[in-house]
Amino acid sequence: MSATVLPEMELTQARAEALLRQMLRIRRFEEKCAELYSATKIRGFLHLYIGQEAIAAGVIGALGPEDAIVATYREHGHALVRGIPARTVMAEMYGKRTGCSRGRGGSMHLFDAERRFFGGHAIVGGGLPLASGLALADRLKGRKAVTACFFGEGAAAEGEFHETLNLSALWKLPVLFLCENNLYGMGTALDRATSEPNIHRHAAAYRIPAQTVDGMDILAVEAATRKARAHIESQGGPYFLELSTYRFRAHSMFDPELYRDRSEVESWKAKGPIVRFKSLISESGLLGESVVRRLDAEVCAEIEDAVIYAESSEWEPADEMLADVYRKGGDSP
């Protein structure tokens with residue numbers, strides 16, 4: 001069946017401001033997190049989303065509040081765009097009790113059931129089966145909702161990727177599969193790890209409609225998401241988007257990044273999502289430089305406020321540390 005064709009949304013000044021603001025929020029938040037990690041304020045693992053901002057901003061901006069979201073361990077940007085306050089996301093990064101997961105999840109396990117944001121998942125591909133379960137639950141409850149499931153290209157090598165696509169197609173579940181293909185699974189280039197580097201082609205094996213999208217173009221991402229969601233609503237069953245992108249930072253803060261040349265990274269930065277969108281709005285006359293500076297200043301103030309909030313928040317009391325923790329054999333530790 002053919003997908004529903006939607007008219008292109010007009011890029012107004014207000015919409016341009018909203019899209020740029022979201023990408024700047026992600027970028028400045030991530031830059032601050034890198035700074036705080038180096039200062040040992042944030043501990044554990046930290047995976048930055050710098051370079052991929054157009055995907056989170058474009059996809060989630062095209063979803064409704066009734067839709068569910070399942071993300072990966074590189075999910076700070078997804079959480080921010082979904083509406084989880086920067087304060088509670090930053091507090092979670094610190095491990096404070098005021099965090100969105102009460103300080104128990106940290107960087108890789110952001111969660112907000114009220115906003116239907118179901119993780120942050122540290123295991124590669126771990127969110128895929130959960131997405132099909134959420135979609136099935138929505139169907140059984142009669143909800144008109146879509147479950148958007150983000151994952152990296154490395155997850156396509158995992159068994160649960162194929163199992164989830166198969167079941168979602170068989171049961172015609174309303175899942176929007178979103179592969180953020182940044183070309184490197186940790187330190188291994190995609191073409192050295194899989195015999196079929198075009199990830200969207202895997203969807204064909206399960207008769208799931210799929211397309212590739214320029215993940216560095218926020219307007220293309222938003223348009224493709226709206227089209228995919230409309231198809232799921234009108235035709236039933238899942239849809240698959242492969243979003244071509246690139247991370248500008250190392251896989252994690254522990255990664256020495258010896259597997260790619262600096263020139264390659266710099267060439268991608270020159271065509272990054274924020275750079276491209278700024279050029280577009282400047283050439284079209286939609287937003288002047290003063291407006292861009294104002295947006296950036298407002299975003300930076302929001303992030304600084306989040307840091308102050310996290311710094312001043314309380315740690316979880318020691319006598320509450322075992323609350324909600326399953327212990328075999330009853331109450332004994």
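Helices (H or I, at least four residues) and strands (E, at least two) are DSSP runs, numbered from the N terminus. The model is predicted, so local features need pLDDT of at least 70 and side-chain atom pairs count only at pLDDT 80 or more, while totals for chains, interfaces and linings use all residues. Residues are numbered from 1 along each chain as its sequence is written, and side-chain values use heavy atoms, with hydrogens and water left out.

**View 1. The ends of helix 8, residues 218-235.** Helix 8 has 18 residues and reaches 25 Å from its first C-alpha to its last. This is close to the 26 Å expected at 1.5 Å a residue, where the expected span is 1.5 Å times one less than the number of residues. Gly236, with a positive phi near 80°, follows the helix.

**View 2. The buried residues of helix 8.** Buried means under 20% relative accessible area (1.4 Å probe, protein chains only). Among the buried residues are Ile218, Glu222, Arg229 and His231. The buried residues pack against elements including helix 1 (13-38), strand 3 (175-181) and helix 10 (273-284).

**View 3. Val307 in helix 11 (289-312).** Val307 counts as buried because its relative accessibility is 10%. Leaving aside neighbours within four places in sequence, Val307 is in contact (heavy atoms within 4.5 Å) with Lys32, Leu36, Met90 and Tyr94.

**View 4. Cys33 and Cys179, both buried at 0% relative accessibility.** The whole structure has 0 disulfides (cysteine sulfur pairs within 2.5 Å). The closest cysteine sulfur to that of Cys33 is in Cys100, 12 Å away and therefore too far for a bond. For Cys179 the closest is in Cys149, at 10 Å, also too far.

Methods: Buried means under 20% relative accessible area, exposed over 50%, partly exposed in between (1.4 Å probe, protein chains only).
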